[in-house]
Amino acid sequence: MYSRLKPLSEASLTNIALVATDMDGTLTQGGKFSATLLQALEDLAAAQIKVLIVTGRSGGWMSGISHLMPVVGAIAENGGLFYPSGKEEPVSLTAIPDLKAHRQSLAATFEFLKTIFPQIAESADNRFRVTDWTFDIGALSPDELQILSNICQQMGWGFTYSTVQCHIKPQGQDKAIGLLQVLQAYLPEISPQQVVTVGDSPNDQSLFDQGHFPVSVGVANVMKYAQQLEHQPTYITHAVEGEGFCELCNYILHRKAT
């Protein structure tokens, strides 16, 4: 399984127009944005390479970050919402006819899951969400996460998880589908072949699907989940977390300059 992950040094990355990247554990280092990261984002912008954040974090979080970071926008809630940079209102990527009923149904599903796993706790940012419902991943084991996924599927929901949270979400809502929608509607000049997708955990695996995006990169901490991923990244960095992302940025800029 691990042998499929090629080192970043084997990637060409000469035709990249957009870096579509996860946030937690991919842009962050120890849970924080670093000065090195911000400089790397500025360097990509100066080279006319766009950056789009594609995260499981809530719409409430990404409304602010899409304005404050040097990016073209942010997709929140694993493909549920898009926040174009400089725009006040988000774009809905998942159709929800009755938001109140949707939130009530998500809440009821979470309460049912709690009867089986009483230790799970609603995430603090859940109140800022629109399309999905989150609870902290805590000490849940891979087997327990699989049981949770199976239950959600049986109840008509999708399920995924990252390094920090578990997500109950509409079926068919994922990062790749959201990214493809945004490319078509807002960045039509960029093809999937000109995109490098970046991530570190199971909720990024749709971004690693070569059927959608031929070139993907996992920062080194993705190795923790390598055997749990249906789709693995094409390449892997040497460094972990935000340092791995900066390694990728430097590599892209170097390849572009040569």
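1. Let's start with the loop between H1 and strand S3 (50-54), where Gln 48 lies. In this predicted model, the phi of Gln 48 is near 60 degrees, a positive value in a residue other than glycine. Gln 48 is also exposed, with a relative accessible area of 70%, which is over the 50% that exposure calls for.

2. Although Asn 78 is not a glycine, its phi is positive, at about 55 degrees. Is Asn 78 buried or exposed? Its relative accessibility is 1%, so Asn 78 counts as buried.

3. Now back to H1 itself, and to its helix partner. Helix H1 (residues 35-46) packs with helix H6 (residues 241-257) at an angle of about 25 degrees, and their axes are 10 Å apart. That angle makes H1 roughly parallel to H6, because angles under 35 degrees count that way. The crossing of H1 past H6 is left-handed.

4. Which residues make this contact? On the H1 side they are Thr 36, Leu 37, Ala 40, Leu 41, Asp 43 and Leu 44. On the H6 side they are Phe 245, Cys 246, Cys 249 and Leu 253. By type, the residues of the contact of H1 with H6 divide into eight nonpolar, one polar and one charged.

5. The other helix pair to check is H3 with H4. Helix H3 (residues 99-116) and helix H4 (residues 142-154) have axes 11 Å apart and pack at an angle of about 140 degrees. That makes H3 oblique to H4, since an angle has to be over 145 degrees to count as roughly antiparallel. H3 passes H4 in a right-handed crossing. Phe 112, Leu 113 and Ile 116 in H3 meet Leu 148, Ile 151 and Cys 152 in H4. The contact of H3 with H4 divides into six nonpolar residues, no polar and no charged.

6. H3 also takes part in the aromatic story. The structure holds five aromatic pairs. One of them joins Phe 110 and Phe 135, with ring centres 5.7 Å apart and planes at 35 degrees, so the pair is tilted. Phe 110 lies in helix H3 and Phe 135 in strand S7 (residues 133-136), so the pair ties together parts that are 25 residues apart in sequence. Phe 110 is buried, with a relative accessible area of 2%, and Phe 135 counts as buried at 0%. Ring pairs link Phe 110, Trp 133, Phe 135 and Phe 159 into a cluster.

7. While you have strand S7 on screen, have a look at Thr 134, which has its place there. Thr 134 is buried, with a relative accessible area of 0%. What does Thr 134 contact, leaving aside neighbours within four places in sequence? The partners are Glu 122, Ser 123, Asp 125, Asn 126, Arg 129, Gln 165, Cys 166 and His 167.

8. Last, a loop residue: Ala 220, placed between strand S11 (215-218) and strand S12 (235-236). At 15% relative accessibility, Ala 220 counts as buried, because the cut-off is under 20%. Not counting residues up to four places away in sequence, Ala 220 touches Ile 236, Thr 237, His 238, Ala 239 and Val 240. The C-alpha atoms of Ala 220 and Glu 243 are separated by 9.5 Å, and these residues are 23 apart along the chain.

Terms used: Residues are numbered from 1 along each chain as its sequence is written. This is a predicted model: local features need pLDDT of at least 70, side-chain atom pairs count only at pLDDT 80 or more; totals for chains, interfaces and linings use all residues. Side-chain values use heavy atoms; hydrogens and water are left out. Axes are lines fitted to C-alpha atoms, for helices over the stretch in contact, and angles run from 0 to 180 degrees between N-to-C directions. Helices (H or I, at least four residues) and strands (E, at least two) are DSSP runs, numbered from the N terminus. Angles under 35 degrees count as roughly parallel, over 145 as roughly antiparallel, 65 to 115 as roughly perpendicular and the rest as oblique. A crossing is left-handed if the near helix is turned anticlockwise from the far one by less than a right angle, and right-handed if clockwise. Contact means heavy atoms within 4.5 Å. Ala, Val, Leu, Ile, Met, Phe, Trp, Tyr, Cys and Pro count as nonpolar, Asp, Glu, Lys and Arg as charged, and the others, Gly among them, as polar. Rings of Phe, Tyr and Trp (its six-membered ring) pair if their centres lie within 6.5 Å; planes under 30 degrees apart count as stacked, over 60 as edge-to-face and the rest as tilted. Buried means under 20% relative accessible area, exposed over 50%, partly exposed in between (1.4 Å probe, protein chains only).
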